[in-house]
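Me: I am new to this structure and would like a close look at one part of it, the open sheet and the helices around it. Could you walk me through that part?

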Amino acid sequence: MTTLADIFDRLHTRTEPREDEYIGDNGLLYCKKCDTPVQCRVSLEGTEHIFPCLCQCRKEKRDREAQLAKEQERMINVQRLKATGIQEKHLLDWRFEVAKDTPSVQMARRYVNSWKKVKAENLGLLFWGDVGTGKSFLAACIANALIEQNVPVLMTNFSKILGQMGGFYSDERYQYIASFSHFPLLILDDLGIERNTEYALEQVYAVIDERYKSGLPVIITTNLTIQQIRNPSDVAHARIFSRVLEMCTPVHIGGDDQRTAIGRGKQAEVKNVLFPEEGGDYAR
């Protein structure tokens, strides 16, 4: 009967060092670079055997290569998640790294940092406030930060959803809406800008209600006031807003209209670049 020891005895064990090795005092081969052994002695069935092993610098190289491969795999997955979940390219630039350190941004960071609890307890948010105060920016910052952690996020809006559903049959619409549950976080941007037709409102309710049934968190942004949301003008909106308030905690995002400020800055830059002879005061 052939034993494991017999098999090892047949294996060739190097005794001569390579160019980057030397023989240590114990008779084992060592690496010249890190002075750690590339061979080790193992006692097996009462007999001592010499086996090859990795020296310290080769272990470190192996670990670096494994870490690099893991990071490359993560980056590929992140790019896939971004392509799937963030369909408007300009949103990819809306990240915490370029955000001012405001109380709203700090709150959004805490949402990301507490993601495990947020998901477990189904903690949704409703960002409401005037146009241009940064609601969509905050939502996109959260989306990008979570995707960087390999958390699938879908950020979309009802105009896009309704447009994609336009040619679907009823079963296809249901499957499309149900597919949102593949994303641990759903972000619905600009609630209230969609058409107020009976069909559109039915689909809006269907999306929100399906998310409610999934037990997964949702972030919704809207330019509507909290009074409009809490006191809807008709039954169709009442059904929608009731579900929203059941799922999401309202968070007011205040401040100046950032779009107006950006527009003024661009106007000033255009004047300085194109009309320098006018001292930047050409267009009045």
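Reply:
**The open sheet and its helices**

The chain has a mean pLDDT of 87, with 86% of its residues at 70 or more. Where pLDDT is low, the predicted coordinates should not be read in detail.

The open sheet is built from five strands with parallel pairing, and their order is β6-β7-β8-β5-β9. At the edges stand β6 (153-157) and β9 (248-252); each has a single partner strand, so one side of each lacks a neighbour in the sheet. On average, neighbouring strands here are turned by 15° against each other, direction ignored.

Let's look inside the sheet. Strands β5 (residues 124-128) and β8 (residues 218-222) run parallel and are joined by four bridges. Here Leu125 stands opposite Ile219 of β8.

Now for the helices. Helix α3 (residues 103-113) lies across β5, β7 (185-191), β8 and β9, and runs at about 165° to β5. Helix α8 (residues 198-214) also packs on the sheet, where it touches β7 and β8, and its direction makes about 150° with that of β7.

Helix α8 has a helical partner too: α6 (residues 158-165) packs with α8 at an angle of about 105°, their axes 11 Å apart. The two helices are therefore roughly perpendicular to each other. From α6, the contact is made by Phe158, Ile161, Leu162 and Met165; from α8, the residues include Tyr199, Gln203 and Val207. Nine residues of this contact are nonpolar, one is polar and none is charged.

Conventions: Residues numbered from 1 in each chain as written. Predicted model: local features only at pLDDT ≥ 70, side-chain atom pairs only at ≥ 80, totals over all residues. Heavy atoms only, no water. Pairing = 2+ DSSP bridges. Axes fitted to C-alpha atoms, helices over the stretch in contact; angles between N-to-C directions. Contact = heavy atoms within 4.5 Å. pLDDT = per-residue confidence, 0-100. Parallel < 35°, antiparallel > 145°, perpendicular 65-115°, else oblique. Nonpolar A, V, L, I, M, F, W, Y, C, P; charged D, E, K, R; others polar.
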